[in-house]
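This briefing goes through selected parts of the structure shown below. Keep the sequence and the 3D view at hand while reading.

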Amino acid sequence: MPSLGADMEAGTLVEWKVAPGDRVRRGDIVAVVETQKGAIEIEIFEAGVVRELAVAPGSRVPVGALLALVGTEGAMQTPAPAAVAPIGPQPAVSLPSASPPPAPQPLAGARPLRTTPAARRRAGALGIALDGLRGTGVDGAICLADLPAGAPPRRGGFDPLGMRKAIAAAMGRSKREIPHYYLSQTVDLAPALERIERLNAGRSPPERLLPAAIMLRAAALAVAETPELNGFWGEDGFRPGDGVHVGWAVALRGGGLVAPAIRHADRMPLDALMTAMRDLVARARGGGLRGSELTDATITVTSLGDRGAESVLPIIHPPQVAILGFGRIVERPWVVGGTVVPRRVATLTLAGDHRASDGHRGGLLLARIDALLQRPETL
Amino acid sequence: MTAKVHLDRAHGVHLLREMLRIRRFEEKCAELYQAQKIRGFLHLYDGQEAVAVGVMQALGPQDAVVGTYREHGQAIARGIPMGPLMAEMFGKVEGCCRGRGGSMHIFDRQRRFIGGNAIVGAGLPLALGLALANRMQGRKAMIACFFGEGAADEGEFHESMNLASLWRLPVLFVCENNLYSMGTPVGIAEAETAIWQKAAAYRMGGEAVDGMDPVAVEVAARRAVERIREDGVPWLLECRTYRFRAHSMFDAQLYRTKEEVESWRKRDPINRLREWLEKAGHLHPADLERIEADVVAEIAEAVAFAEAGSPEPVEELERFVTMDEVPQ
Amino acid sequence: MSGVPARITYREACRQAIRAAILADPRVFLMGEDVGRYGGCYAVTKGLLEELGEERIRDTPLSESAFVGAGIGAAMAGMRPIVEVMTCNFSLLALDQIVNNAATIPHMSGGQFAVPLVLRMATGAGRQLAAQHSHSLEGWFAHIPGLRILAPATVEDARHMLAPALADPNPVLIFEHIMLYNMEGELDPAVQGVDIAKARIRRPGRDVTLITYGGSLFKTLAAADALAVEGIQAEVIDLRVLRPLDTATIIESITRTRRVVIVDEGWRSGSLSAEVAMRIVEEAFFELDAPIRRVCSREVPIPYAAHLEQAALPQAEAIAAAARGLVRPAR
């Protein structure tokens with residue numbers, strides 16, 4: 001049973017997505033586990049053949065206990081592909097479309113595309129193509145749980161009470177154990193916002209960049225230059241992260257929040273970052289997050305958005321050692337070249353773990369973000 | 001009430017008038033059927049008028065009548081006005097059943113006419129229950145239950161005779177034996193063709209009477225009703241009669257000869273009573289003309305009423321499938 | 001009656017209901033085969049003749065058509081008869097009266113007459129009574145407009161459905177499953193009545209809806225228990241009223257669970273389960289995230305031998321398997 005969060009002690013196996021004898025590849029979803037944060041899909045990090053499923057659905061299993069045995073015998077000649085490829089037959093049509101259902105594929109072993117009425121309706125409403133989806137419903141039909149985003153959790157749904165408990169445990173632990181220091185800096189966002197407005201010209205609303213994206217991009221680049229703030233605090237002291245995986249805090253509609261990771265956010269161009277943020281928000285609210293996304297973050301960023309407060313003193317999510325908070329963008333008097341002018345600004349706040357770093361490093365990080373935002377053409 | 005019938009002029013003319021009302025009404029029905037004003041099944045009572053008219057003389061308003069599907073005569077003799085009757089056959093909302101029943105299903109709550117019933121024999125158990133309710137509620141009333149001799153073929157006849165006698169239910173069973181159930185002669189349907197004799201097997205009284213003679217029917221019915229009211233036991237009255245017309249409007253009558261029909265027509269109850277009244281000096285040609293004219297006028301009024309009626313709005317289609325309350 | 005919940009049998013609940021109804025209303029009486037001296041084929045009416053007398057507890061001859069028809073006539077003339085037909089198999093001998101008279105006369109007479117009749121009958125298999133005493137024909141009657149069809153499955157419904165059935169101006173048929181008569185249950189004295197219009201959710205759940213009624217309710221609840229151990233939360237709906245169907249409760253549940261198994265002791269072909277399934281398809285097709293499944297009796301006349309009889313009937317294992325197959329399909 002993988003640990004999907006510092007506060008997770010056990011999980012309930014809801015469903016196996018594989019059976020003994022199935023060939024699995026790195027990144028495949030092998031099981032669904034119910035946690036206090038809802039149903040989470042468990043991916044596998046090894047390629048091989050499933051030998052044995054050690055736990056029956058419905059069982060509550062402590063973290064670290066054996067779930068299944070996967071053999072990685074040399075008999076497997078084909079090397080695992082670098083990228084995760086869709087498994088199973090390639091569906092012939094996508095929704096929304098008024099075309100009749102496809103005729104069964106003549107290919108040996110191929111099954112006709114089947115989609116349940118509920119999944120078909122939701123896919124149509126969300127504009128999700130069914131191509132490439134793997135059906136796990138009755139008779140291999142694509143059901144709600146197979147939709148990539150926007151689909152609510154298939155079973156259980158969102159459990160606000162469980163989530164509240166999880167947040168309480170993590171934040172309580174943070175405030176008990178972590179000596180926080182706080183640094184703030186108000187940053188002139190005019191150049192960055194002007195760049196975004198230029199880039200957005202002629203784009204349709206779903207394609208437009210949001211201010212949070214450019215701020216996140218600047219933060220990710222700055223964090224990459226400040227490794228003391230990017231990583232984990234454990235029994236052996238500080239362990240740096242293996243990349244800048246930014247946990248992006250997403251408020252859930254039913255209350256509570258999660259901060260799934262955008263891996264290697266510092267290497268993502270602006271548009272890719274924006275796409276990743278949108279995808280994460282949709283899946284976080286729809287219950288489609290992967291377990292690794294909840295454990296990978298090396299630092300968290302929270303943005304209060306255009307209805308939030310002007311600044312935030314955030315609490316570090318253990319075992320991370322830092323968190324950045326962006327306040328609401330506001331128009332304020334600002335001195336430019338000896339003249340007071342109206343300017344759009346935002347207050348950035350860093351909370352750092354004093355066991356892992358000192359305020360000096362934190363100050364450098366904020367100054368670096370500020371500097372990057374003043375030269376947005378490089379972002 | 002007494003079983004004796006004083007056939008004075010007034011009563012004789014009354015019987016004749018009632019039979020004529022039925023006969024002329026149905027002649028108009030046949031005409032309107034061919035003009036497609038009336039549809040569905042239409043079974044005419046032509047020839048059997050003496051049975052309904054005779055039996056109804058013995059009943060009071062507190063009593064109830066269970067009819068058959070050949071029940072226009074029973075309904076008219078019971079006093080149901082021709083207007084709502086004709087409107088029912090026209091399928092109009094002014095019909096006595098708002099156009100839901102048609103010719104075979106005439107109901108009139110006010111006159112305790114509990115339905116034309118088109119399932120042969122199915123009215124008999126109903127009559128038992130109506131009688132049982134009367135007795136349990138202390139009402140001194142009885143039920144006249146009409147059925148054809150074909151109903152005696154049915155199991156419900158046996159069940160109902162047995163239970164009525166066993167529970168001493170005040171029911172007058174009136175068997176209108178017109179010799180044919182549709183096209184099947186009674187001789188090849190019943191092992192015992194004297195239906196009234198079956199009463200004995202149920203320890204029930206019964207008799208057969210000339211169903212072409214309204215006076216004879218009335219006398220027999222009064223006698224039966226008197227016994228039922230006195231002893232509270234059922235009675236089986238077999239009225240031997242004949243229908244002059246076909247079973248229904250679409251019937252080639254392959255099963256009987258014209259000669260047979262003609263021989264029965266000679267016993268037409270209307271002609272017989274008219275001749276008797278004329279011979280007795282109770283009826284003058286002018287009287288008959290006046291009666292005929294009255295009847296024609298009454299029917300014309302009924303047809304006009306039906307013609308002027310309106311169809312039930314289709315939105316009301318499902319009304320009364322289930323009832324919101326029990327009508328009082 | 002004390003204020004403490006009493007534990008009584010379904011049979012006793014039926015008896016209490018009949019007794020209370022007769023004592024409460026002089027128009028109410030019971031008639032049927034062997035309801036008096038014998039005490040009822042399934043002993044439901046034992047002791048009532050002695051207490052209430054021959055006028056109110058009437059033994060009839062073996063004349064289903066006559067005494068059911070008499071019940072209809074008496075109802076039309078102001079009484080409130082309770083007619084017992086020994087089993088629904090025998091009700092076929094009275095089918096003419098039920099379908100051609102009771103169900104049609106209110107409409108056919110243009111609303112001049114109502115038929116406030118209650119018809120009770122035993123239904124179902126499980127006592128090795130073979131093919132002429134074991135069938136479940138309530139689905140047939142549920143086809144007929146004008147009738148209300150009830151299937152009390154709990155002691156509470158057995159005790160309290162009769163009064164509203166008698167108050168209904170329309171003919172009401174009550175089907176009592178023979179395997180329930182010995183079943184015990186709590187009767188809460190605080191509950192003074194039940195409706196005869198709505199289905200009830202007997203067990204809430206979120207993963208799959210199991211719809212059933214009558215004798216199959218407890219098999220279905222057992223299946224839901226077994227599923228719960230595996231982590232599948234099954235919702236169990238007791239239809240209670242087979243006509244008119246409470247479609248709203250069904251659809252509401254399926255909108256949440258998106259999966260449904262219908263359990264019906266009637267045969268599958270042309271059955272009540274087929275009707276329920278079709279209502280779901282008509283009204284909630286786009287909510288479905290899996291095919292509709294049914295668990296019905298095998299299509300044989302119910303046989304005598306115990307193992308064959310049990311093999312013919314819906315069982316908890318089959319119900320659980322059907323639900324499991326929807327929630328966790330094998331691939």
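In this predicted model, helix α6(B) is followed by Arg168(B), whose phi is positive, near 50°.

**Helix α6 of chain B**

- Helix α6 of chain B covers residues 155–166, and its 12 residues should span 16 Å at 1.5 Å a residue. The C-alpha atoms at its ends are 17 Å apart, which agrees.
- Several residues of α6(B) are buried, among them Glu156(B), Phe157(B), Met161(B) and Leu163(B). Glu159(B), Ser160(B), Ala164(B) and Ser165(B) are also buried.

**Where chain C meets chain B**

- In the contact between these two chains, 35 residues of chain C meet 38 residues of chain B.
- On the side of chain C that touches chain B, the elements giving two or more residues are α3 (64–76), α4 (95–102) and α5 (105–108) of chain C.
- Helix α3(C) gives the most to that side, with 10 residues.
- By residue type, the side of chain C that touches chain B has 17 nonpolar, 16 polar and two charged residues.

**Chain C as a whole**

- Chain C has 13 helices and 14 strands.
- It has 331 residues, of which 59% count as buried.
- Among contacts in chain C with a separation of 6 or more, 79% come from residues 24 or more positions apart.

**A five-stranded sheet in chain C**

- In general, the strands of a sheet pair through backbone hydrogen bonds, either parallel or antiparallel.
- In chain C, five strands form an open sheet with mixed pairing, in the order β9-β11-β10-β13-β14.
- Which strands lie at the edges of this sheet? They are β9 (200–203) and β14 (293–297) of chain C, each of which pairs on one side only.
- Neighbouring strands of the sheet are turned by 25° against each other on average, direction ignored.
- Strand β10 (residues 208–212) of chain C runs parallel to β11 (residues 234–238) of chain C, and five bridges join the two. Within this pair, Leu210(C) stands opposite Val236(C).
- Helix α11 (residues 272–284) of chain C lies across β10, β13 (260–267) and β14 of chain C. The helix runs at about 155° to β13(C).

**Nonpolar cores**

- In soluble globular proteins, nonpolar side chains tend to be buried together.
- The largest nonpolar core has 218 residues, and Cys145(B), Leu172(B), Leu237(B) and Ala323(C) touch the most other members.
- Not counting residues up to four places away in sequence, Ala323(C) touches Val208(C), Leu210(C), Ala223(C), Leu227(C), Ile232(C), Ala234(C) and Val261(C).
- A second, separate core has 69 residues, including Val14(A), Ala213(A), Ala265(A) and Ala276(A).

**Arg37 of chain C**

- Arg37(C) is found in the loop between β2 (28–32) and α2 (48–52) of chain C.
- Is Arg37(C) buried or exposed? Arg37(C) counts as exposed because it has 10 C-beta neighbours inside 10 Å, and the limit for an exposed residue is 12 or fewer.
- Arg37(C) touches Leu49(C) and Asp59(C), not counting residues up to four places away in sequence.
- Glu54(C) is 17 residues from Arg37(C) in sequence, and the two are 9.6 Å apart in space, C-alpha to C-alpha.

Key. Residues numbered from 1 in each chain as written. Chains lettered and ligands numbered in written order. Predicted model: local features only at pLDDT ≥ 70, side-chain atom pairs only at ≥ 80, totals over all residues. Pairing = 2+ DSSP bridges. Helix = DSSP H or I, 4+ residues; strand = E, 2+ residues; numbered from the N terminus. Axes fitted to C-alpha atoms, helices over the stretch in contact; angles between N-to-C directions. Contact = placed C-beta atoms within 7 Å. Nonpolar A, V, L, I, M, F, W, Y, C, P; charged D, E, K, R; others polar. Expected span 1.5 Å × (residues − 1). Buried ≥ 20, exposed ≤ 12 C-beta atoms within 10 Å, placed from the backbone. Core = buried A, V, L, I, M, F, W, Y, C linked by C-beta atoms within 7 Å.
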